[in-house]
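I opened my notebook today to look through a protein model step by step. Here is what I looked up, in the order I went.

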Amino acid sequence: MTNIGRDVIRIVTAASLEEDFVEVSKKRISDTETDNDDDDEEYQPPSISGLSFLDESTFEPTEEESGEQDTSQAETLGRQRASHAAFSLVRDLVDDGMQISEDEEFMNMSPHRLCRYTSHKTNPKNKRPAEEIFGAHTDTSFVTIVPVAAVSGFETTVDDDGRWIRPEYMARLAWEAERRSKGLDTELNENDLTPPWHCRYVLVLPGEMMQLISRDYVQTCVHRVVAVTGGKSRLSAPVLLRCRPSAKLNVKRYFGGQNQDDDEGGESGTDCGVILRQADGMTMGDIHDALQG
């Protein structure tokens, strides 16, 4: 599950950086072409018997074609830079249990928990079909990976309308639809399948660190756990991928220095952009503690 989480963080980070890095690449290509234009008068292409190797009518692209080539090159370079920055960020900042330097304290800060959620209210006067066992909250992690449980009860909000949905129930519906498409039975007990249907799925929840490094590109997931009154207990074994506490946030290294700009306009004007600039040079442990406040 740790590898799944690392891949999700890397992909989201690269996607959030891509547009900015493409714009930077376009500017660099434009500046390079301007510099080359200044040297055109001094440059003499090689020729044989007066026939130049740079025949403009044959080899010189039109202005429109040149612009398309520059855009394509900028997009490619921008994606490569975003991917490289995301890879470095995940390797340096995400605590996956692997020690990356001898100076680092060998203590994993990403727990793998075993949780049991049970509703003990069996009072006949209790008319509610379910009750909240673990209230609405967010995780101070990059991502939290939750294996889908046999007993559903995990809920998350949809946008800002206050509705709660159950992803585990949606996973069950997806599994049943797949079984029906293959002409297979969907009315099966837990013991009829090896492994059980729910072992095929995991939930990946973005945490507060993910919202920070993506500069609001991905919002942290508000979630809770409910249990059926007098029903079966829900067992869960989530992994919370947290930060390496001693690692330092280097904005220039991971974000190209783009968050060093003024607060006015652009991505750097978002709340997370401002926080990134304020957190530049801080250890991830200090940032984690600050988010707890």
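**Entry 1: two tryptophans.** Are Trp-175 and Trp-197 buried or exposed? I looked, and both Trp-175 and Trp-197 are buried. A reminder to myself: this is a predicted model.

I then counted aromatic pairs and came to two. The rings of Trp-175 and Trp-197 have centres 6.1 Å apart and planes at 35°, so I noted this pair as tilted. That angle falls between the cut-offs, since under 30 degrees counts as stacked and over 60 as edge-to-face. The pair links distant parts of the chain: Trp-175 belongs to helix 4 (residues 167-181), while Trp-197 is in the loop between helix 4 and strand 8 (202-206), 22 residues apart. I also found that Trp-175, Trp-197 and Tyr-201 form one aromatic cluster.

**Entry 2: charges over rings.** Next I checked where charged ends sit over rings. The charged end of Arg-81 sits over the ring of Phe-21, 4.4 Å from its centre. For Arg-224, the charged end is over the ring of Trp-164, at 4.2 Å from the centre.

Entry 3: In what order do the four strands of the open sheet come? I read the order as 4-9-6-7, with antiparallel pairing. Strand 4 (130-137) and strand 7 (164-165) stand at the edges with a single partner strand each, so one side of each has no neighbour in the sheet. Strand 6 (residues 154-157) and strand 7 run antiparallel and are joined by two bridges. I found Thr-157 bridged to Trp-164 in strand 7.

Ile-133 is partly exposed, with a relative accessible area of 29%. Its contacts, leaving aside neighbours within four places in sequence, are Tyr-117, Thr-118, Ser-119, Val-225, Val-226 and Ala-227.

**Entry 4: the cores.** How many residues does the largest nonpolar core have? I got 30, and those with the most contacts inside it are Ile-9, Leu-93, Phe-142, Leu-249, Phe-255 and Met-284. Several elements supply at least two residues each, among them helix 1 (2-38), strand 5 (143-147) and helix 8 (284-292). Helix 3 gives the most to this core, with five residues.

Beyond four places in sequence, Leu-93 touches residues including Phe-142, Leu-249, Tyr-254 and Met-284. I then noted a second, separate core of 10 residues, which includes Val-146, Phe-154, Trp-175 and Leu-193. So Trp-175 from my first entry is back, as one of the residues of this second core.

**Entry 5: a meeting across the chain.** Which residues does Tyr-217 touch, not counting those up to four places away in sequence? I found Val-12, Ala-15 and Ser-16. Tyr-217 has its place in the loop between helix 5 and strand 9 (223-228). Tyr-217 and Ser-16 are 201 residues apart along the chain, yet their C-alpha atoms are separated by 6.0 Å.

**Entry 6: the whole chain.** Last, I stepped back. The chain has eight helices and 11 strands. Of its 293 residues, 37% are buried. Among contacts between residues at least 6 apart in sequence, 77% join residues at least 24 apart. The chain exposes about 18000 Å², with carbon and sulfur atoms supplying 49% of that.

Note on methods
Residues are numbered from 1 along each chain as its sequence is written. This is a predicted model: local features need pLDDT of at least 70, side-chain atom pairs count only at pLDDT 80 or more; totals for chains, interfaces and linings use all residues. Side-chain values use heavy atoms; hydrogens and water are left out. A nonpolar core is a set of buried Ala, Val, Leu, Ile, Met, Phe, Trp, Tyr and Cys residues joined through side-chain atoms within 4.5 Å. Buried means under 20% relative accessible area, exposed over 50%, partly exposed in between (1.4 Å probe, protein chains only). Contact means heavy atoms within 4.5 Å. Rings of Phe, Tyr and Trp (its six-membered ring) pair if their centres lie within 6.5 Å; planes under 30 degrees apart count as stacked, over 60 as edge-to-face and the rest as tilted. A charge sits over a ring if NZ of Lys or CZ of Arg is within 6 Å of the ring centre and within 35 degrees of the ring normal. Two strands pair if DSSP finds at least two bridges between them. Accessible areas come from the Shrake-Rupley method with a 1.4 Å probe; for residues, only the protein chains shown count as cover.
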